[in-house]
Amino acid sequence: MAFDYINALLKKEVSRTPIWVMRQAGRYLPEYRATRKIAGDFLTLCKSSDLACEVTLQPLERFDLDAAILFSDILTIPDAMGLGLHFVEGEGPKFTNPLHTLSSIEHLAKPDVGTELNYVSEAVSVIKKNLKGRVPLIGFTGSPWTLATYMVEGGTSKTFSKVKGLMYENPKHMHQLLDVLADTVIDYLNSQIEAGADSVMIFDTWGGLLSMGSYENFSLRYMSKIVDGIHRSYEGRTIPVTLFTKGGAAWLEQIAATGCDAVGIDWTIELGEAERRVGSKVALQGNLDPSVLYASPDVIKAEAFKVLDQFKGQTGHVFNLGHGITPDVNPESMKVLVDAVHSYPTKTK
């Protein structure tokens, strides 16, 4: 079955510009909040394949989306490594056992993905079964650098002083940590692909914090390793991979050179400029400012068309927000956006 989302990532002909939205299964939907209440807490929701399937499918019942994305969290890997992930209301993720010593990094072991993270591949299988070929399913992970920031900081941070201090003072240990994470991510994404994921995406949420050289050495280097290590085809299916670095406009050419199929961009660079810089080397994903969804329907449609007008190619563009949809957005605004993108005239050759 041909899907516009997969075809766009592979720069093949599409019938319309495909759209999905980061965090499309999330707190802005009342049905999601109800399911999370049943689960009791966020991690229980992630670790129940049936509940993860339920919330993955919820936005598809409301909106004419072109892809589903696995409901999970980027911090499942460090949790499987024994760091003790938990969530504090109003503060976000925290680790009971963060990597605050060099010894803790030296003794960090790659988890058995098939055991410690089996609940994720089980969720993929259940979701695929329930999708019944309706739309493709996106699997995902956090990038090694992004995972490392949480693991060393012990949670979210305003300064990222611990992880950056480690990077500069003990680069050997930083690379050791990133290597273990990259190897784990390869196994993790391959398990999702083997369970049925049709494409995969690597979220490099904190790569934009780095200087030019540090980004290439401590973030992009390991995403490139992952691109080389994951299944690019499986059981007759081509598996596209998308790399997304928030704040990564400075490195578009370098990201495109990794061999990935698509590059996600945020709203700090215009889509047209990104296309001019990477040409037809990769597909592009993005890049409406999520805050546009607070505006009126007419403004949402106009701003979506502004993005779409910038893309000059016929294929190779997946519409998305430049980052995740925010929790207090009205779901009706999401519908306006999806319908606007699909109403945009398809470019002809």
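This is a predicted model: local features need pLDDT of at least 70, side-chain atom pairs count only at pLDDT 80 or more; totals for chains, interfaces and linings use all residues.
**Close-up views of a pocket, a cavity and a core**

View 1. By residue class, the lining of the largest pocket comprises 21 nonpolar, 11 polar and seven charged residues. In total, 39 residues line this pocket, and those that lie nearest its centre are Arg23, Arg27, Phe42, Asp73 and Phe87. Two or more lining residues are contributed by each of helix 2 (30–39), strand 2 (85–88) and strand 3 (92–95). The volume of the largest pocket is about 1,400 Å³.

**View 2. The second largest cavity, with a volume of about 50 Å³.** The structure holds two cavities of 30 Å³ or more. Lining the second largest cavity are Thr245, Gly247, Gly248, Ala249, Leu252, Ile255, Val263, Gly264, Ile265, Asp266 and Ile269. Helix 13 (252–256) and strand 9 (262–264) are the elements that each give two or more residues to this lining. Sorted by class, the lining of the second largest cavity has six nonpolar residues, four polar residues and one charged residue.

**View 3. The largest nonpolar core, a set of 129 residues.** Within this core, the residues that touch the most other members are Trp20, Met174, Leu177 and Leu337. Helix 11 (residues 171–195) supplies the largest share of the core, with 12 residues.

**View 4. Surroundings of Met174.** With residues up to four places away in sequence left out, Met174 touches Trp145, Ala148, Val163, Leu166, Met167 and Phe218. Met174 is also one of the residues that touch the most other members of the largest nonpolar core.

Terms used. Residues are numbered from 1 along each chain as its sequence is written. Side-chain values use heavy atoms; hydrogens and water are left out. On a 1 Å grid over the protein atoms alone, a cavity is a set of points where a 1.4 Å probe fits but cannot get out, and a pocket is an open set with protein on both sides within 12 Å along at least five of seven lines; lining residues have an atom within 4 Å of a point. Grid points are joined across faces, edges and corners, and a volume is the space filled by probe spheres set on the points. Helices (H or I, at least four residues) and strands (E, at least two) are DSSP runs, numbered from the N terminus. Ala, Val, Leu, Ile, Met, Phe, Trp, Tyr, Cys and Pro count as nonpolar, Asp, Glu, Lys and Arg as charged, and the others, Gly among them, as polar. A nonpolar core is a set of buried Ala, Val, Leu, Ile, Met, Phe, Trp, Tyr and Cys residues joined through side-chain atoms within 4.5 Å. Buried means under 20% relative accessible area, exposed over 50%, partly exposed in between (1.4 Å probe, protein chains only). Contact means heavy atoms within 4.5 Å.
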